[in-house]
Amino acid sequence: MGQLLWGIFGVDMNVWLDAFLRLQIVVIVMTVTVMALIYLERKFVGRIQMRLGPMRTGPFGTLQSIADALKLLTKEDVRPRTADFWLFELAPYVTFVPVFMTLLALPFMDGWFVRDLQLGLFYIVAISGVTVIGYIMAGWASDNKYALLGAVRSAAQLISYEIPLILGVLAVSMVAGSLNLNDITIQQDTVPNVILQPLPFVILLTAILAELSRRPFDIPIGESELVGGPWVEYSGIRWSIIFALTEYAGLWGFSILGALVFLGGWEFPFGTRSWWGDFAFLYQLLLVFSKSFLIILTVMWISATFPRLRIDQLMAFCWKILLPFGFLQVLINGIVLTYDPSETVRDIILFATSSALLVVMAYVIYLATRQPSREERVGAILAARSVQ
Amino acid sequence: MIGVLRSLGATMSTMLRKPVTIEYPTTHRKVPERDRAFPILLWDFDVAEPFCTGCHACERACPVECMTVTMKDNPKHAEGASKRRKILDEFFIDYARCMRCNICVEVCNFDAIAMNNTWTGHELSVVDRRDLVMDREQLLALSKGKQIRPWVPS
């Protein structure tokens, strides 16, 4: 089976056919994963709220996603009369296609991409930034002030958080000395990058939450007052493209990226694929998927826990905390790598500086968000009175 | 910052708890002993007849006038099998009208009527509201089948 699979996608195949088949595989896996993730999130959040989640459709509600998909696909596709036709119709695709294109450069197994890009990491962060255009298009074309407000907010948020995301992966690619995702993953055979660079991992996790407009950063979507942000006017299949596909495919893609870049992908605990012989690809897939699953669960856990930030808090957190610390990490990495110590020393220095930075960042956040206690507030008032 | 970690811990601990949801149509929560659904008639197993003598006490006391009772001479009394000289002939309660006030139970001199304290008293949806007018046999069925749990002193 393994030989067959590698054989089908060997080099002597027609390039276009090869790319087409790989694309088909990614599309199918993505669709199934998206459905599974929707089910998983509903179950997981349900358990956090001490509910059961979906239980009626199929055994333990496993067919819920299929039922939802059927319902969404058969719903009426409504377009406001004053909407800008082309922009309105195309906006979901402009949002979804970049998210899908990020999946094309991800190595799900050792050397198994849709296309092996030398600048894979750069390509992914570059292409995922295009999503903003879809948001703006949708908000503008809907001819609805809430949609426009949501679009402007999401543009501000996505553009802001794109930068910490880039800085996070940039710091790692400096350590790895490569932008090729396969190379970055293979270099983590003994120590995963999350140990060498804990601060960029935290930054990346935060940026993922913000990029996907998930709970602590769901200002553009804002169910309670913006009713879906740029997507107020969308319904039926277009809404399902945005919501189901874009959000969850994005979550999946970013989590795979995090698993490859930070958690060591298929390479980390045992290194080579010689153990499993022909079935090495299964082992690699299992490892990559379970690591990305960990990240997905963390993201869901965080988004089920925290209430929404205010927009100024969101911006302040990005520009005043994540961004300076990201730059600091890049700077320190540059200094450490310039002097090029031996590998063990380098790893120790990188780990020490990055975790020290993480602690400092946590302390800065603590100082920034600390509320004075009741005694302190009363004391301040009394002191002010005694001055008078 | 510490609050962030603490709240993450709180959600994780609630996730590990048992869900409180009861999947209602398939599993029922236990009805409390003093649950008050609609009134039903009780069956005297000693003489195989209802406790009710058709005395109209409940009918007169009913604030919403949902009851209709008729009385007849008890044939079993003539045979000497029963102490009751009169027995109910027909008994109708309109469940659509009843407001479950419990007054009929309190005024009954023979403890012949009780409030249904099982789930059957709550799942009564019908297509036509005339189907909610219960006759004598329907009212006695639960008690005859020994399906209610006693909570009125009897």
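**Where chain A meets chain B**

**View 1. Helix α12 of chain A against helix α1 of chain B.** On the α12(A) side, A:Trp301, A:Ile302, A:Ala304 and A:Thr305 make contact; on the α1(B) side, their partners are B:Ser7, B:Leu8, B:Thr11 and B:Met12. By class, this contact holds five nonpolar residues, three polar ones and no charged ones. The model shown here is predicted.

**View 2. Helix α2 of chain A against α1(B).** Helix α2 of chain A spans residues 15-48. The axes of α2(A) and α1(B) come within 7 Å. They cross at roughly 100°. The two helices are therefore roughly perpendicular to each other.

**View 3. Side by side in the contact of α2(A) with α1(B).** From α2(A) come A:Phe44, A:Arg47 and A:Ile48. From α1(B) come B:Thr11, B:Thr14, B:Met15 and B:Leu16. Four of the residues in this contact are nonpolar, two are polar and one is charged. Look for B:Thr11 in both helix contacts: B:Thr11 meets α12(A), and B:Thr11 also meets α2(A).

**View 4. A salt bridge between the chains.** The count between chain B and chain A is one salt bridge. Its partners are the side chains of A:Arg56 and B:Glu23. The N to O distance is 3.5 Å. On chain B, the side that touches chain A has ten nonpolar, five polar and three charged residues.

**View 5. The whole interface.** Here 18 residues of chain B are in contact with 17 residues of chain A. Together the two chains bury about 1600 Å² between them. Carbon and sulfur atoms account for 69% of that area.

Conventions:
Residues numbered from 1 in each chain as written. Chains lettered and ligands numbered in written order. Predicted model: local features only at pLDDT ≥ 70, side-chain atom pairs only at ≥ 80, totals over all residues. Heavy atoms only, no water. Contact = heavy atoms within 4.5 Å. Helix = DSSP H or I, 4+ residues; strand = E, 2+ residues; numbered from the N terminus. Nonpolar A, V, L, I, M, F, W, Y, C, P; charged D, E, K, R; others polar. Buried area = accessible area lost by both parts, 1.4 Å probe. Salt bridge = Lys/Arg side-chain N within 4 Å of Asp/Glu carboxyl O. Axes fitted to C-alpha atoms, helices over the stretch in contact; angles between N-to-C directions. Parallel < 35°, antiparallel > 145°, perpendicular 65-115°, else oblique.
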